[in-house]
Amino acid sequence: MSSIFSKIAKGELPSYKIAETATCFAFLDINPIAEGHVLVIPKKEVDYLFDIEDELYQDLMLFSKNVARAIRTIIPCERIGVAVIGLEVPHAHVHLIPIFNVHDIDFSRPKLSLSEEALKDTSNKISEAFLAL
Ligand code: AMP
């Protein structure tokens with residue numbers, strides 16, 4: 001059975017899409033710990049990040065870099081923090097999180113409650129920034 005993230009990448013489930021390449025897809029985390037919290041995934045379904053074949057891993061990291069640059073032009077932050085956890089969804093994903101300090105990337109913090117409009121607005125802005133890179 002396809003993972004929830006495979007279904008998102010195929011457009012079978014909705015997401016606040018940021019951008020995609022031939023091999024990777026980026027979208028807002030639905031339960032963000034910071035505004036502009038983005039997930040970047042390989043379209044191919046691989047559970048564990050470090051099981052990804054080299055070429056796809058390089059695609060994923062390069063795409064993550066460009067998405068992070070786009071986020072930083074839109075969301076006020078010191079820098080974009082990067083985390084890989086993967087204990088909840090068995091489809092490799094990179095968390096990109098705008099941060100000012102180490103506490104901003106603490107996953108035990110309460111999740112933000114953002115409206116659909118706010119999420120849509122953020123994803124549109126980051127998406128436009130990505131295209132303008
Ligand atoms: P983890 O696997 O521990 O890295 O956590 C999975 C992450 O995916 C969590 O931050 C969730 O909020 C996020 N998530 C789960 N389902 C969705 C979804 N349908 N759309 C966007 N983000 C999701």
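**Entry 1: the pocket lining**

I began with the lining of the largest pocket, where H1 gives the largest share, 3 residues. I note at once that this is a predicted model. I then checked which elements supply at least two residues each to this lining, and found H1 and S2. H1 is a helix covering 4–9, and S2 is a strand covering 24–28.

How large is the volume of the largest pocket? I read about 450 Å³. I listed 23 residues along its lining. Closest to the pocket centre are Phe5, Asp29, Leu39, Glu88 and Val89. Sorted by class, the lining holds 14 nonpolar, 6 polar and 3 charged residues.

**Entry 2: where the ligand is**

Next I looked for the ligand. Where does the ligand sit? I found the ligand in the largest pocket.

I counted 16 residues around the ligand. Asp29, Glu88, Val89, His93 and His95 are the closest of them. Asp29, Glu88 and Val89 were already on my list of residues closest to the pocket centre.

The class count for the shell reads 10 nonpolar, 4 polar and 2 charged.

I went through the contacts one by one.

- His95 uses its side chain: an N or O atom there is 2.8 Å from an oxygen atom of the ligand.
- Ile30 uses its backbone: an N or O atom there lies 3.1 Å from a nitrogen atom of the ligand.
- Leu87 also takes part through its backbone, with a polar atom 3.3 Å from an oxygen atom of the ligand.

I then looked up how much of the ligand is covered. Taken alone, the ligand exposes 510 Å². The protein buries 87% of that area.

**Entry 3: the cavity**

How many cavities of 30 Å³ or more does the structure hold? I found 1. The largest cavity has about 40 Å³ of space.

I wrote down the residues that line this cavity: Leu28, Asp29, Pro32, Ala34, Glu35, Gly36, His37, Leu114, Ala118, Leu119 and Thr122.

Which helix gives the largest share of the cavity lining? I traced 3 residues to helix H3, residues 116–131. By class, I have 6 nonpolar, 3 polar and 2 charged residues in the cavity lining.

**Entry 4: recap**

I close with two reminders. The ligand sits in the largest pocket.

Terms used:
Residues numbered from 1 in each chain as written. Predicted model: local features only at pLDDT ≥ 70, side-chain atom pairs only at ≥ 80, totals over all residues. Heavy atoms only, no water. Near = heavy atom within 4 Å. Polar contact = N/O pair within 3.5 Å; in protein donor to acceptor, adjacent residues only side chain to side chain. Areas by Shrake-Rupley, 256 points an atom, 1.4 Å probe, with all protein chains shown as cover. 1 Å grid on protein atoms, 1.4 Å probe; cavity = no way out; pocket = protein on both sides within 12 Å on 5 of 7 lines; lining within 4 Å. Sits in = over half its atoms within 2 Å of the grid points. Helix = DSSP H or I, 4+ residues; strand = E, 2+ residues; numbered from the N terminus. Nonpolar A, V, L, I, M, F, W, Y, C, P; charged D, E, K, R; others polar. Points joined across faces, edges and corners; volume = space filled by probe spheres on them.
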